Amino acid sequence: MPYRRLPNTDSARQKSLKAAYEKGKELPPFKLAFSAGSFRNMQKVLPQFENAISEHKNALNIQADKNKEYQRRLKKIRLYISHFIQVVNMAIIRGDLLPETRNYFGLEEGEKKVPTLASEEDVIHWGQQLIEGEQKRRNKGMNPITNPTIAVLKVHFDKFMEYHNYQLSLKNRSQRAQDQLNERRSQVDGVIQQLWNEVESSFADLPEEMRREKATGYGLVYVFRKNEINTASLFQSSRIEGTG
């Protein structure tokens with residue numbers, strides 16, 4: 001025997017609600033297979049649900065679009081941080097700087113490798129370390145590191161941080177939109193379940209095939225199991241779905 005399957009995607013939820021909504025507009029209340037209360041609930045949650053879907057989609061699109069420039073800025077500042085440390089290391093190798101110079105930048109005195117810059121947190125940490133460390137050196141009258149200078153690095157670091165903070169705000173907006181959409185989904189699922197229960201109850205006295213036919217007009221979905229599909233009539237299969 002086929003079983004009803006509640007919608008599990010947003011498009012299926014919208015399709016189900018709209019089918020019932022059209023029935024509500026088409027038929028007078030006394031002929032509807034669901035209550036006036038369910039119709040009011042449907043009228044309330046449908047636009048809210050559609051707005052939540054739209055807001056979530058827009059938030060993700062904006063975040064993805066702005067992420068392109070953010071990634072470009074991230075790649076740029078990684079290069080500047082890496083090059084600055086490499087310049088320090090080469091100056092130490094040449095004898096122009098003492099090994100303890102590395103300590104100003106939070107590096108081990110004998111560490112000759114550029115630290116990992118894999119994550120955004122790494123980039124922020126080392127960017128701040130270099131800026132603060134070079135400022136301490138300059139305050140002590142030491143010659144500045146050049147090519148790149150810390151001033152140039154700081155310009156790119158500040159710009160990166162501007163984009164970083166903006167990207168965080170976009171992520172937060174997307175998460176809020178996701179949370180709102182999840183809440184709306186829960187409300188919609190409750191309305192659909194109540195509505196479907198009322199529809200099936202209204203047609204409970206009809207023969208099974210006729211009951212399903214009437215109910216599908218209100219957006220209900222019935223699914224035949226694989227072993228039932230071959231025995232279903234053409235009339236039935238035109239109104240139901242197959243599943244595993």
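These questions and answers walk through helix packing and cores in a predicted model.

Student: Which helices do the buried residues of H1 pack against?
Tutor: Start with H1 itself, residues 10-26. Its buried residues include Arg-13, Leu-17, Ala-20 and Gly-24. The buried residues of H1 pack against helix H2 (36-94) and helix H5 (150-202).

Student: How far does helix H1 reach from its first C-alpha to its last?
Tutor: H1 has 17 residues. At 1.5 Å a residue, the expected reach is 24 Å. The model comes close to that, at 24 Å.

Student: How far apart in space are Glu-50 and Ser-11?
Tutor: In sequence, 39 residues separate Glu-50 and Ser-11. In space, C-alpha to C-alpha, the distance is 9.8 Å.

Student: Which element gives the largest share of the largest nonpolar core?
Tutor: That core has 26 residues, and Ile-81, Phe-84, Leu-130, Leu-153 and Phe-160 have the most contacts inside it. H2, helix H4 (120-139) and H5 each give two or more residues. The largest share is 10 residues, and it comes from H2.

Student: How many residues are in the other core, which lies apart from this one?
Tutor: Its residues include Leu-46, Ile-192, Trp-196 and Val-199. The count for this other core is 23 residues.

How values were computed: Residues are numbered from 1 along each chain as its sequence is written. This is a predicted model: local features need pLDDT of at least 70, side-chain atom pairs count only at pLDDT 80 or more; totals for chains, interfaces and linings use all residues. Side-chain values use heavy atoms; hydrogens and water are left out. Helices (H or I, at least four residues) and strands (E, at least two) are DSSP runs, numbered from the N terminus. The expected span of a helix is 1.5 Å times one less than its number of residues. Buried means under 20% relative accessible area, exposed over 50%, partly exposed in between (1.4 Å probe, protein chains only). Contact means heavy atoms within 4.5 Å. A nonpolar core is a set of buried Ala, Val, Leu, Ile, Met, Phe, Trp, Tyr and Cys residues joined through side-chain atoms within 4.5 Å.
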